[in-house]
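Please keep the structure open while reading.

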Amino acid sequence: SEECTIHVEPNFTPMHIRCMLEFIYTNRVAGIRSISTDDLLSILHLSDKWLLRDLKRLVEHELIRHHMSVHTVARMYGATEDFNAQRLSRACIEFIMANLRLVAGNPSFEEEMKNYPHLCIPVLKAAADLIPEGPLHKKQRTEHGPVNPSVNSTPTAPANLGSSPVLDSDT
């Protein structure tokens, strides 16, 4: 800058800028584990905006390893779209698949996904990958139970059994 001044958007706090500068000068952020999920997402945004690839990777790693939960995964997954965070996106989808019932029942996930409905498609595709290919074969049930094809005789049911192998209580 000709003025020796860099203007930063007001949504980035001095703490976000300090973390970014610390990383630029030391290649680390001391105390990163004590930074909140929301602040880490802001630092992710900052690193994406200012093209700080290594800081972005560090923040994604921290979010994946220490901040991902049923309550935070929706917010993180939404951020992946805004901040081009592919590693975090893959980790979010894996987490969602591993905890599908808990995540699907979480109101914050539903609310967050309203802001990013197109992000539901990768989740649906991942869920579809869990379903086996081809038709499922059902066991065929016969009136007299399974027939052994190697035996030519017709099986007979005991006198007190109907078509069910369970004893009738009326007899």
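From the N terminus on, the elements of the protein chain follow the order α-α-α-α-α-α-α-α. The chain thus holds eight helices and zero strands, where helices (H or I, at least four residues) and strands (E, at least two) are DSSP runs numbered from the N terminus. This is a predicted model, in which local features need pLDDT of at least 70 and side-chain atom pairs count only at pLDDT 80 or more, while totals for chains, interfaces and linings use all residues. Residues are numbered from 1 along each chain as its sequence is written, and side-chain values use heavy atoms, with hydrogens and water left out.

Of the 171 residues in the protein chain, 32% are buried; buried means under 20% relative accessible area, exposed over 50%, and partly exposed in between (1.4 Å probe, protein chains only). Among contacts (heavy atoms within 4.5 Å) with a separation of 6 or more, 62% join residues 24 or more positions apart.

**Helices α2 and α4**

The axes of helix α2 (residues 37-49) and helix α4 (residues 73-83) come within 10 Å and cross at roughly 10 degrees. Axes are lines fitted to C-alpha atoms, for helices over the stretch in contact, and angles run from 0 to 180 degrees between N-to-C directions. Helices α2 and α4 are therefore roughly parallel to each other, a term for angles under 35 degrees. On α2, the contact is made by Thr37, Asp38, Leu41, Leu44, His45 and Asp48, and on α4 by Arg75, Met76, Ala79, Asp82 and Phe83.

**Helix α5**

Helix α5 (residues 86-98) has 13 residues and spans 18 Å from its first C-alpha to its last, close to the 18 Å expected at 1.5 Å a residue; the expected span is 1.5 Å times one less than the number of residues. Its buried residues are Leu88, Ser89, Ala91, Cys92, Ile93, Phe95, Ile96 and Met97. The cover over these buried residues includes α2, α3 (53-67), α4, α6 (100-104), α7 (107-115) and α8 (120-130).

**Cysteines**

A search of the whole structure finds zero disulfides, a disulfide being a pair of cysteine sulfur atoms within 2.5 Å.

| Cysteine | Relative accessible area | Class |
|---|---|---|
| Cysteine 4 | 75% | exposed |
| Cysteine 19 | 8% | buried |
| Cysteine 92 | 0% | buried |

Cysteine 92 lies in helix α5. Leaving aside neighbours within four places in sequence, cysteine 92 is in contact with Met68, Val73, Met76 and Tyr77.

Note on methods. Angles under 35 degrees count as roughly parallel, over 145 as roughly antiparallel, 65 to 115 as roughly perpendicular and the rest as oblique.
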